[in-house]
Amino acid sequence: MLLGLSLCVTCFVPYSSVAKRAAMLGSLFGIAILLSFGATTWKYMYFGWYLASLSFFHFSEYIMVAKYCPDKLSVDSFLLNHSPEYQIAAVASWVEFALELWLLPWMKSNVFILSFIGLLLMIGGEVLRKLAMITAESNFTHIIQTKKESSHVLVTHGIYSLCRHPGYAGWFWWSLGTQITLANPVCLMAYVWASWRFFKDRIHDEEITLIYFFGDEYLDYQRKVATVGVPFVRGFEFPPPDMTDDS
């Protein structure tokens with residue numbers, strides 16, 4: 001009742017579209033805390049861990065953009081509507097968890113160590129992504145830029161001195177951690193494949209843009225920092241391997 005009332009109130013306040021999303025995420029986080037500490041069985045506690053991480057991830061994305069890129073801030077900064085594929089993947093994970101809990105409850109039993117590893121991956125991925133946003137400040141954006149702004153600089157210090165794409169790497173490991181926490185074998189395999197393909201293409205396209213923006217400066221950075229952060233992803237290689245002279 002109180003949850004419904006609070007969500008209704010947000011419809012009548014300034015910036016109601018933002019307030020509604022923030023209220024929803026805050027309410028989900030509260031429910032997640034209750035499940036995490038008040039659940040009578042481990043199965044529901046695992047879902048509480050997942051729900052807390054999910055709600056915090058989306059809320060903190062908005063907060064980070066508001067802090068470091070206020071000129072790019074919008075309701076899309078929550079990333080709740082990132083893409084139809086992302087939304088379908090989230091719903092699929094809930095459906096798998098519920099079906100296995102109902103039909104195959106043994107799959108969600110005695111998996112504390114596995115779910116705890118997933119929790120650590122979610123926390124580590126979240127920390128890595130937020131470190132990237134804090135380090136890059138206004139240079140970090142949710143959308144690949146096609147035009148170089150006057151204030152746009154190549155960030156090579158901090159976490160970027162160890163990994164070229166810590167924001168993408170953090171999101172990749174966080175997404176896998178969500179399914180390990182839920183002990184969802186089907187969605188875990190699907191998430192590994194879909195996330196890897198998405199970030200492989202995204203990093204490839206972004207590095208083409210960064211070479212166009214910064215030229216030799218970015219190529220030097222590529223040579224110094226070989227780690228991308230997503231396994232088996234090399235990024236854009238210039239010149240492409242098939243154009244190099246092997247003689």
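**Exercise 1. Describe how helix α7 (residues 185-214) packs on helix α8 (residues 216-224).**

Solution. The axes of α7 and α8 come within 6 Å and cross at roughly 130 degrees. Axes here are lines fitted to C-alpha atoms, for helices over the stretch in contact, and angles run from 0 to 180 degrees between N-to-C directions. Next, classify the angle. Under 35 degrees counts as roughly parallel, over 145 as roughly antiparallel, 65 to 115 as roughly perpendicular, and the rest as oblique. The angle therefore makes α7 oblique to α8.

Now list the partners. From α7 come Glu207, Leu210, Ile211 and Phe214; from α8 come Asp216, Glu217, Tyr218, Leu219 and Gln222. Contact means heavy atoms within 4.5 Å. These residues split into five nonpolar, one polar and three charged. (Ala, Val, Leu, Ile, Met, Phe, Trp, Tyr, Cys and Pro count as nonpolar; Asp, Glu, Lys and Arg as charged; the others, Gly among them, as polar.)

**Exercise 2. State what kind of model this is and how confident it is.**

Solution. This is a predicted model: local features need pLDDT of at least 70, side-chain atom pairs count only at pLDDT 80 or more, and totals for chains, interfaces and linings use all residues. Residues are numbered from 1 along each chain as its sequence is written, and side-chain values use heavy atoms, leaving out hydrogens and water. pLDDT is the predictor's confidence in each residue, from 0 to 100. The chain averages 90, and 91% of the residues score at least 70. Confidence is lowest in helix α1 (residues 2-9), with a mean of 52. It is highest in α6, at 98.

**Exercise 3. Sketch the overall fold of the chain.**

Solution. Start with the elements. The chain has eight helices and zero strands. (Helices are DSSP runs of H or I, at least four residues; strands are runs of E, at least two; both are numbered from the N terminus.) Then take the extent: the C-alpha trace spans about 65 × 45 × 30 Å along its principal axes. Of the 247 residues, 42% count as buried. Buried means under 20% relative accessible area, exposed over 50%, partly exposed in between (1.4 Å probe, protein chains only). Finally, among contacts between residues at least 6 apart in sequence, 73% join residues at least 24 apart.

**Exercise 4. Work out how helix α6 (residues 166-182) packs against helix α3 (residues 42-68).**

Solution. The axes come within 8 Å and cross at roughly 155 degrees. That makes α3 roughly antiparallel to α6. On the α3 side, the contact uses Tyr46, Phe47, Trp49, Tyr50, Ser53, Leu54 and Phe57. On the α6 side, it uses Trp171, Trp174, Thr178, Thr181 and Leu182. The tally is nine nonpolar, three polar and no charged.

**Exercise 5. Repeat the analysis for α6 and helix α4 (residues 84-103).**

Solution. The angle is about 20 degrees, and the axes are 10 Å apart. The two helices are therefore roughly parallel to each other. Tyr86, Ser93 and Phe97 of α4 meet Trp171, Trp174, Gln179 and Leu182 of α6. The contact holds five nonpolar, two polar and no charged residues.

**Exercise 6. Locate Ile144 and describe its surroundings.**

Solution. Ile144 sits in the loop between α5 (112-136) and α6. It is partly exposed, with a relative accessible area of 24%. Leaving aside neighbours within four places in sequence, Ile144 contacts Tyr168, Arg202, Asp205, Glu206 and Thr209. Ala98 is 46 residues away along the chain, and 36 Å separates the C-alpha atoms of Ile144 and Ala98.
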